[in-house]
Amino acid sequence: MSAVKVVLISGSLRAGSTNAALLRTAGDLGTGHAVTTLYAGLATLPHFNPDDDHEPLPPAVADLREKIRTADAVLFCTPEYAGDLPGSFKNLLDWTVGGGEMYQKPVAWINVSSFPDGAAGAHRALRTVLGYTGADIVDDACVRVPVPRHAVDPDGIIRDPAIRDRVDDALRLLAEHVRSRAGDTASDS
Ligand SMILES: Cc1cc2nc3c(=O)[nH]c(=O)nc-3n(C[C@H](O)[C@H](O)[C@H](O)COP(=O)(O)O)c2cc1C
């Protein structure tokens with residue numbers, strides 16, 4: 001099959017976000033496992049309202065759904081706020097429940113928390129919500145890669161080789177899962 005397309009979705013709106021930095025870094029790897037697109041519309045989504053979940057959709061929602069629909073897989077990276085998903089990110093996920101784009105879509109997440117068992121509540125909740133969408137959770141690619149704030153360079157990229165290797169590994173596993181589902185087990189090279 002052609003290159004595996006992965007849309008990268010961060011759950012953080014913070015300018016210096018470590019979650020967004022990790023996903024930006026995934027796009028910077030250049031190892032060829034996947035072609036990535038960093039979703040940048042989280043702040044523009046309206047509050048989820050089932051009354052608005054029909055055509056014509058709010059443009060930001062249509063854009064989100066199109067990005068997911070045209071991707072082979074989704075890689076999430078989210079912080080935890082007060083033991084749960086950030087409200088803005090849960091809002092994004094709520095918009096994905098009714099559209100059907102996530103159904104059987106291979107998905108994974110990377111937990112960047114530096115604390116042992118950090119952000120566990122958020123990732124439990126993420127698994128629950130993705131279960132409602134019918135997404136295909138690729139457990140092998142769901143990993144913890146601690147990212148201290150000082151690991152993010154001023155340009156928002158992480159250059160620590162150990163972190164980059166782990167991100168590359170997760171992306172490879174996600175891409176391999178997509179390929180195996182497509183019945184194409186050809187190597188990445
Ligand atoms: C209001 C608030 C609540 C937080 N609650 C939690 C929490 O419950 N569990 C946790 O592991 N981290 C918590 N944190 C820490 C953030 O998840 C952490 O700062 C994370 O790096 C933010 O991600 P970002 O760098 O991508 O913005 C909280 C931070 C804030 C500002």
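Author: Arg149 puts a polar side-chain atom 3.1 Å from an oxygen atom of the ligand. That is a polar contact, here a pair of N or O atoms within 3.5 Å. Thr18 makes one too, with a polar side-chain atom 2.7 Å from a ligand oxygen. Ala119 uses its backbone instead: an N or O atom there lies 3.2 Å from an oxygen atom of the ligand. Taken alone, the ligand exposes 630 Å², and the protein buries 59% of that. These areas come from the Shrake-Rupley method with a 1.4 Å probe.

A word on the source. This is a predicted model, where local features need pLDDT of at least 70 and side-chain atom pairs count only at pLDDT 80 or more, while totals for chains, interfaces and linings use all residues. Residues are numbered from 1 along each chain as its sequence is written, and side-chain values use heavy atoms, with hydrogens and water left out.

Now the shell. Which residues are around the ligand? They are Ser12, Arg14, Ser17, Thr18, Asn19, Pro79, Glu80, Tyr81, Ala82, Gly83, Ala119 and Arg149. By class, the shell holds four nonpolar, five polar and three charged residues. Ala, Val, Leu, Ile, Met, Phe, Trp, Tyr, Cys and Pro count as nonpolar; Asp, Glu, Lys and Arg as charged; the others, Gly among them, as polar.

The ligand takes up the space of the largest pocket. More than half of its atoms lie within 2 Å of the pocket's grid points. A pocket is an open set of points on a 1 Å grid over the protein atoms alone, where a 1.4 Å probe fits, with protein on both sides within 12 Å along at least five of seven lines; lining residues have an atom within 4 Å of a point. About 360 Å³ of space lies in this pocket. It is lined by 18 residues, and the closest to its centre are Thr18, Asn19, Pro79, Val112 and Arg149. The lining has seven nonpolar, eight polar and three charged residues.

What is the volume of the second largest pocket? It is about 200 Å³, a volume being the space filled by probe spheres set on the points, which are joined across faces, edges and corners. Ser12 is among its lining residues, as are Leu13 and Arg24. That lining divides into seven nonpolar, three polar and one charged.

Conventions
A residue is near a molecule or strand if one of its heavy atoms lies within 4 Å of it. A polar contact is a pair of N or O atoms within 3.5 Å; within protein, one must be able to donate a hydrogen and the other to accept it, and residues adjacent in sequence count only if both atoms are side-chain atoms.
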